[in-house]
Amino acid sequence: MKKKIVIGSRGSILALAQSEIIKKKLESNFPELEFEIKKIVTTGDKDLVSNWSTSNKSLKSFFTKEIETELLNGTIDLAVHSMKDMPIVSPKGLICGATPDREDQRDVLISKNGKTLLELPNGAIIGTSSLRRTMNLKNLRPDLQIKQLRGNIHTRLNKLKTEGYDAILLAAAGLKRVGLESEITEYLNPKTFLPAPAQGVLYIQCRENDKKIRNILKSIHNKEIEKIVAIEREFSKIFDGGCHTPMGCYSEVKGDSINFYGVYFQEEKGYSANITEKLEEGIKVAQKLANTIKEKING
């Protein structure tokens, strides 16, 4: 009889698609085991009314707390999260058991009439609830109107058609994972429109003392992505990168070197820089770039 391994996931279309990707990889690597996805409703899924963009709370626990509770209680064996939703420090007893291959880290524009960001008419209405994306937009096209946009991918795409938006901004990774890549009008240049730290990366969480699951997860772990994400999350940490912090970064690895780009917005002005270092320098790369940006901020 097969041993069943239960994967915890939020119930959104994107979360389930991400969990399905991991489930298929594990099934391929361990055909003798049975894997099952369990849907878990989180606070963030239940509360669709609060205006989180003006909240002082970090959103990072809104979509993880209930899942982590089940993991600690042993009702699930592992959990699939978006890395950018995860706090730097895990609850006691839980760890990141694997960082799988990264999906596209870029942001994308989806417009009603097929126009790119630079082609949109003066004063066009753009939908996003992200402060980082808002600041990036204002930096590149200060004439555009920003209108709040909430909901899952399908809800946002529907609002584009029905609620007066000219275009909306989303992450490429989510659209690709749910099979909606064809909706994308334009992939935004990540060197000038910097993504969120760890965008496109999944975080596979498990119990620290569960040696069997930890060994299974080694089969889908990407060591290079782990190193890159550590640098990006350190950059976020330096600038107190919560969900309301207008900052972004982009990593480009060539051989054993990393070209690392970063931006931090203060009072709507963007301070950006980039450096090239050896990837093995680890979080020192983020610290060096952050210091360069802080020097610019301080004049």
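The structure is a predicted model. Its protein chain is divided into three parts: domain 1 (4-100 + 201-221), domain 2 (107-187) and domain 3 (233-298). A search of the whole structure finds 17 salt bridges, and one of these lies across the interface of domain 2 and domain 3.

**Interface of domain 2 and domain 3**

- The C-alpha centres of domain 2 and domain 3 are 25 Å apart.
- Contact between them involves six residues of domain 2 and seven residues of domain 3.
- About 580 Å² is buried between domain 2 and domain 3, with 67% of this area on carbon and sulfur atoms. On the domain 2 side, the residues that lose the most area to domain 3 are L131, R132 and M135, which together account for 68% of what that side buries.
- The rule for polar contacts finds one residue pair across this interface, with both residues at pLDDT 80 or more. The side of domain 2 that touches domain 3 comprises two nonpolar, two polar and two charged residues.

- N259 belongs to strand β12, which spans residues 257-266.
- With a relative accessible area of 13%, N259 is buried, because the cut-off for that class is under 20%.
- The side chain of N259 is in polar contact with the side chain of T276, at 2.7 Å.
- Leaving aside residues up to four places away in sequence, N259 touches Y250, S251, E252, K254, I275 and T276.

**Salt bridges**

- K138 and E268 form a salt bridge in which the closest N and O atoms are 3.4 Å apart.
- K4 and E36 form a salt bridge, with 3.0 Å between the closest N and O atoms. This pair links distant parts of the chain, since K4 is in strand β1 (residues 4-9) and E36 in strand β2 (residues 34-39), 32 residues apart. Both partners are partly exposed: E36 has a relative accessible area of 31%, and K4 is at 35% relative accessibility.
- R141 and D143 meet through their side chains in a salt bridge of 2.7 Å, N to O. R141 is buried at a relative accessible area of 10%, whereas D143 counts as partly exposed at 27%.
- D256 forms a salt bridge with K278, the closest N and O atoms lying 3.3 Å apart. This pair also links distant parts of the chain: D256 is in the loop between β11 (247-254) and β12, and K278 is in strand β13 (residues 269-278), 22 residues apart. K278 counts as partly exposed, at 39% relative accessibility.

How values were computed
Residues numbered from 1 in each chain as written. Predicted model: local features only at pLDDT ≥ 70, side-chain atom pairs only at ≥ 80, totals over all residues. Heavy atoms only, no water. Domains from an automatic or database assignment. Contact = heavy atoms within 4.5 Å. Buried area = accessible area lost by both parts, 1.4 Å probe. Salt bridge = Lys/Arg side-chain N within 4 Å of Asp/Glu carboxyl O. Polar contact = N/O pair within 3.5 Å; in protein donor to acceptor, adjacent residues only side chain to side chain. Nonpolar A, V, L, I, M, F, W, Y, C, P; charged D, E, K, R; others polar. Helix = DSSP H or I, 4+ residues; strand = E, 2+ residues; numbered from the N terminus. Buried < 20%, exposed > 50% of the residue type's maximum accessible area, 1.4 Å probe, protein only.
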